[in-house]
Amino acid sequence: MIKAVISGTGLYTPPATIDNDELVEAFNQFVEMYNSEHADAIERGETEALQPSSSAFIEKASGIKRRHVIDKSGIIDPKRMAPYIPERGNDEPSVQCDMAVVACNEALAQAGKKASDVDAVIVACSNLQRAYPAVSIEVQAALGIEGFAYDMNVACSSATFGLQAAVNSVENGTARAVLVVSPEICSGHLNFRDRDSHFIFGDACTAILVEREEDTQPGQGFEILGTRLKTTFSNNIRNNFGFLNRADESGVGQPDKLFIQQGRKVFKEVSPLVAETIQGHLDSLSLSPEDLRRMWLHQANLNMNHLIARRVLGRDASEDEAPVILDEYANTSSAGSIIAFHKHKDDLKTGDTGVICSFGAGYSIGSIVVRRR
């Protein structure tokens, strides 16, 4: 029987950062301009005045303190409020490909492997910058990997769903090793003019190498004990941007063509579902919450993670048990739980067990239980 192992991880972090104060300053300037421009309609009651944001509100609501982004100048320009990422020619590497190559090379180096050892690339992320050709095949070519590649999207759970696909390919003999890459440019679909969500996202790219246990060094990496996926349909997190938009001009530029969510409903509905999924997954593996040394949870909201950890463990989790990278990176969609794993895995000892868990739009939940070799 072939067993799958996570032998290496990689991370690309954009150099530009925006802290809450900078983001709030730009947003509040936009609010002042908007309210001034629409002063008469606001006075007549025809238009509702926009309300300013604050750093204290952001941190209390989310736990976020700053975020890394591909472009800073466009986001903090109150007249633009969107990143400026120039289009590239078809003969140039795409932005997501460049991000992916950096993360993949680190994962390969950590595992002590070369591109020639890899048979497949899965690019799994919330938003792909084009429909085709697949970004994954571009990454495959850039790395010089033989074999196959494909893109997949399950929103914030893309990386864990991609991990299960990689595990399946390794364990059924389709591939010796698979790279799962999540180049998330979340700033590209965030409405920076919406007070309730303008602070949520950041940009990053993660990579994970999954390979056969027999091809790794003794004690290297993490054995994958099991994977569990769950989906249930909900409109509470949605983005209606797509290729059919041009077929109805009335929808072009509307807020629903960017990220929208009903945050309170998401918090209330998803939190217990995630905790139940983790508990059920542990039980199916004859494990208990007490066996968990660490939980690498999706990094979307600090209060949400505290609640999920409490429901799973039956008590509050320490930051060592449920590490946080949200304050530094904000929500990086599917990359979040993998960033937490990448940065907070090396101190685990042989036999330590943990769970990588993501959750988000769909709703979708992915749970990967691993044990330090």
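1. Y363 sits in the loop that runs between strand 12 (353-360) and strand 13 (364-372), where helices (H or I, at least four residues) and strands (E, at least two) are DSSP runs numbered from the N terminus. The peptide bond joining G362 and Y363 is cis, with omega about -10°.

2. On the basis of these notes: this is a predicted model, in which local features need pLDDT of at least 70 and side-chain atom pairs count only at pLDDT 80 or more, while totals for chains, interfaces and linings use all residues. Residues are numbered from 1 along each chain as its sequence is written, and side-chain values use heavy atoms, with hydrogens and water left out.

3. A cis peptide bond also leads from Y132 to P133, with omega near 0°, and P133 lies in the loop between strand 4 (120-124) and helix 5. Most residues other than glycine have a negative phi, and most peptide bonds are trans.

4. Helix 4 (residues 95-111) and helix 5 (residues 135-143) have axes that come within 9 Å and cross at roughly 55°, the axes being lines fitted to C-alpha atoms, for helices over the stretch in contact, with angles from 0 to 180 degrees between N-to-C directions. The two helices are therefore oblique to each other (under 35 degrees is roughly parallel, over 145 roughly antiparallel, 65 to 115 roughly perpendicular and the rest oblique). The contact, meaning heavy atoms within 4.5 Å, is made by Q96, C97, A100, V101, C104 and N105 of helix 4 with V135, E138, V139, A142 and L143 of helix 5.

5. Helix 1 (residues 20-37) and helix 3 (residues 55-62) also have axes that come within 9 Å, and these cross at roughly 120°, so that helix 1 and helix 3 are oblique to each other. Here N20, D21 and V24 of helix 1 meet S55, I58 and E59 of helix 3.

6. S187, in the loop between strand 6 (177-185) and strand 7 (203-212), is buried at a relative accessible area of 1%. Its side chain is joined to that of D203 by a polar contact of 2.8 Å (a pair of N or O atoms within 3.5 Å; within protein, one must be able to donate a hydrogen and the other to accept it, and residues adjacent in sequence count only if both atoms are side-chain atoms). Leaving aside residues up to four places away in sequence, S187 touches V69, I75, P83, F192 and D203.

7. R293, found in strand 11 (residues 292-297), is partly exposed, with a relative accessible area of 26%. Not counting residues up to four places away in sequence, R293 touches D320, E321, D347, L348, D352 and T353.

Methods:
Buried means under 20% relative accessible area, exposed over 50%, partly exposed in between (1.4 Å probe, protein chains only).
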